[in-house]
Amino acid sequence: MDFRKVIKEYAETPISRHLILDLLSDYQRPNDKISELIKSKALIAIRRGLYVTGPEMDLLTPAPFLIANHLRGPSYVSLESALSYWGMIPERTYEISSVTIKTSKLYKTPVGRFSYQQLKIPYYSYGIKNIAYSPKQTMLIASPEKALCDKIVLTPKIYLRSIKQTQEFLMEDLRIDSEVLSTLDTEIMELWIENAPKKSSLKMLVKTLIEL
């Protein structure tokens, strides 16, 4: 069997062990074949039971954000990773930050570091966008507004009490440009506050954005 040929159709998303076993159904010992594929770097294990194709396959592979969505789900990319994606902060991030309804967790994988912080429904479900990265890859990522709210909600010891303090946090600590901040949709953010953690801080965020 030409494994590259049969796996090509699925290579742009993380691949489950169940799917690989189906593709290797002609083998008497498919688990041994999976071990062989990992050893030869045709497959890379990113966690137990989940793989991406390795450099030996020379195939298109899933984008890091899509890997993040699959590693621990349900989840969506947020915080610094989403803020960077939307061009709100100048830094590129090397750890993919996500939020999940599950417990917080960090994965150190051969394809990068992926961190997850917990948020509860219904606040979790607000402001999630589907981004088409390629015809076969659609990623879940926080909107600019939700990524910023998540950053405030999930940053320890950040409690916004005044417009001046909030401006310093946004423009000095996070280094977000005031012109970028002025484009955010404060009306949609206000709708989230009732079910959000740190309600008073998010109210101050909205008040500060309106004042800009």
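In what order do the three strands of the open sheet run, and is the pairing parallel or antiparallel?

Guide: The order is β1-β3-β2, and the pairing is antiparallel. Keep in mind that this is a predicted model, where local features need pLDDT of at least 70, side-chain atom pairs count only at pLDDT 80 or more, and totals for chains, interfaces and linings use all residues. Residues are numbered from 1 along each chain as its sequence is written, and side-chain values use heavy atoms, with hydrogens and water left out.

Strands here are DSSP runs of E with at least two residues, helices are runs of H or I with at least four, and both are numbered from the N terminus. Two strands pair if DSSP finds at least two bridges between them. In general, strands of a sheet pair through backbone hydrogen bonds.

At the edges sit β1 (15-16) and β2 (43-47), each pairing on one side only. β2 joins β3 (residues 50-53) through four bridges in the antiparallel sense. Look for Ala45, whose bridge partner in β3 is Tyr51.

Zooming out, the whole protein has ten helices and nine strands, and its C-alpha trace spans about 65 × 30 × 25 Å along the principal axes.
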